[in-house]
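Please look over the sequence and the model shown here before reading on. The briefing that follows goes through the fold, the surface and the charged pairs in turn.

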Amino acid sequence: MGLALDELQEGDEVFKEKGFTFMINKELLEEVKPIKVDFIETPTGSGYYVTANLASIGCGSCSCG
């Protein structure tokens, strides 16, 4: 799972949080919710950290930056 800039597609769920708009395919959301997106800063850089219920896919979280 990752983050990407995209246009709204038919079948997307839209969330607005702290001035940002997030979109995700509704079917994917049902498979992986809950999803949490954090912005983190570390000594090696900064970026978004995404966690989701990916047990059915075999992964617990993914770091996207």
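## Briefing on the predicted model

Read from the N terminus, the elements of the protein chain follow the order β-β-α-β-β-β, which comes to one helix and five strands; helices (H or I, at least four residues) and strands (E, at least two) are DSSP runs, numbered from the N terminus. This is a predicted model, in which local features need pLDDT of at least 70 and side-chain atom pairs count only at pLDDT 80 or more, while totals for chains, interfaces and linings use all residues. Residues are numbered from 1 along each chain as its sequence is written, and side-chain values use heavy atoms, with hydrogens and water left out.

**Strands β3 and β4**

- Strand β3 (residues 35–42) and strand β4 (residues 45–52) run antiparallel and are joined by eight bridges, where two strands are said to pair if DSSP finds at least two bridges between them.

**Surface and burial**

- Of the 65 residues of the protein chain, 15% count as buried, a term that means under 20% relative accessible area, with exposed being over 50% and partly exposed in between (1.4 Å probe, protein chains only).
- The protein chain exposes about 5,200 Å², of which carbon and sulfur atoms supply 52%; accessible areas come from the Shrake-Rupley method with a 1.4 Å probe, and for residues only the protein chains shown count as cover.
- A nonpolar patch on the surface is formed by Leu3, Phe20, Ile35, Val37, Phe39 and Tyr48, which together have about 510 Å² of accessible area; such patches take residues with over 30% relative accessible area and no salt bridge, and nonpolar side chains (Val, Leu, Ile, Met, Phe, Trp, Tyr) are joined within 5 Å.
- Strand β3 gives the largest share of this patch, three residues, whereas Tyr48 lies in strand β4.

**Salt bridges**

- A search of the whole structure finds two salt bridges, each being a side-chain nitrogen of Lys or Arg within 4 Å of a carboxyl oxygen of Asp or Glu.
- In one of them Lys33 pairs with Glu30, with the closest N and O atoms 3.3 Å apart; Lys33 is partly exposed at 41% relative accessible area, while Glu30 counts as exposed at 52%.
- Another joins the side chains of Lys36 and Asp38 at 3.8 Å, N to O, and here Lys36 is partly exposed at 48% relative accessibility, as is Asp38 at 31%.

Conventions:
Patches are made of residues with over 30% relative accessible area and no salt bridge: like charges are joined within 9 Å, nonpolar side chains (Val, Leu, Ile, Met, Phe, Trp, Tyr) within 5 Å.
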